[in-house]
Amino acid sequence: MKALTLWQPWASLVTMGEKQVETRCWSTKYRGELAIHAAAKLPPRWLGESRWGQEFGNELADVMHLRRGRVDTAIRDLLPYGCILGVVKLVSIEETSRVREILCQRERIFGNFEDGRYAWNLELVERFEIPVPAKGQRLLWNWDRELVVAS
């Protein structure tokens with residue numbers, strides 16, 4: 001099965017069904033099931049810049065049922081890292097310029113819809129009750145779910 005590594009909290013947002021559009025600076029011809037892997041550490045501040053914004057923090061607090069202003073601690077302490085969180089289906093990919101105006105505010109806040117990027121439309125297939133430890137990789141990579149089921 002193909003897998004995609006995402007930084008937290010975006011990996012959890014996808015597998016919670018709260019983020020249905022993942023934005024990337026690259027596209028792929030692949031369509032189908034994707035395991036969602038949470039990276040082993042938090043993104044560098046410059047890469048995860050949006051998570052420092054007040055709008056992002058407030059929306060994330062609401063989704064995670066946290067008191068506003070406590071989100072950064074929650075990201076570090078409550079979310080799983082270095083594991084597969086669930087499976088989604090990559091349904092389609094569009095240029096962000098074509099979709100950003102029709103998305104709800106929360107979806108726009110949780111993504112980077114600048115020009116020149118791609119909106120990956122996802123459908124939640126399964127959220128794992130117990131995350132599965134795994135080492136992630138860049139871009140799309142292969143994860144053998146059968147090995148996990150067999151062990």
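Glu18, Glu59 and Arg106 are linked in a network of salt bridges. The model is predicted, and the count of salt bridges in it comes to seven. The protein chain holds six helices and six strands.

**Salt bridges**
- Glu59 pairs with Arg106 in a salt bridge whose closest N and O atoms are 2.6 Å apart. Because Glu59 lies in helix H2 (residues 54–64) and Arg106 in helix H5 (residues 105–109), the pair ties together parts that are 47 residues apart in sequence.
- Glu59 counts as buried at 17% relative accessibility, whereas Arg106 is partly exposed with a relative accessible area of 25%.
- Asp62 forms a salt bridge with Arg68, with the closest N and O atoms 2.8 Å apart. Asp62 is partly exposed at 33% relative accessible area, and Arg68 is partly exposed at 44%.
- Between Arg100 and Glu101, the closest N and O atoms of the salt bridge are 4.0 Å apart. Glu101 counts as exposed, with 67% relative accessibility.

**Fold and dimensions**
- Along the sequence, the elements follow the pattern β-α-β-β-α-α-β-α-α-β-β-α.
- The radius of gyration of the protein chain is 15 Å, which agrees with the value near 15 Å for a compact globule of 151 residues.
- Taken along the principal axes, the C-alpha atoms fill a box of roughly 45 × 35 × 25 Å.
- Of the contacts between residues at least 6 apart in sequence, 80% join residues at least 24 apart.

**Surface and charge**
- Buried residues account for 45% of the 151 residues.
- The accessible surface comes to about 8700 Å², and carbon and sulfur atoms contribute 49% of it.
- The protein chain has 22 positive and 20 negative charges, whose mean positions are 4 Å apart.

Note on methods:
Residues are numbered from 1 along each chain as its sequence is written. This is a predicted model: local features need pLDDT of at least 70, side-chain atom pairs count only at pLDDT 80 or more; totals for chains, interfaces and linings use all residues. Side-chain values use heavy atoms; hydrogens and water are left out. Helices (H or I, at least four residues) and strands (E, at least two) are DSSP runs, numbered from the N terminus. The radius of gyration is taken over C-alpha atoms; the globule rule is 2.2 Å times the number of residues to the power 0.38. Buried means under 20% relative accessible area, exposed over 50%, partly exposed in between (1.4 Å probe, protein chains only). Contact means heavy atoms within 4.5 Å. Accessible areas come from the Shrake-Rupley method with a 1.4 Å probe; for residues, only the protein chains shown count as cover. Lys and Arg count as positive and Asp and Glu as negative; His and the chain ends are not counted. The place of a charge is taken as NZ of Lys, CZ of Arg, CG of Asp or CD of Glu. A salt bridge is a side-chain nitrogen of Lys or Arg within 4 Å of a carboxyl oxygen of Asp or Glu.
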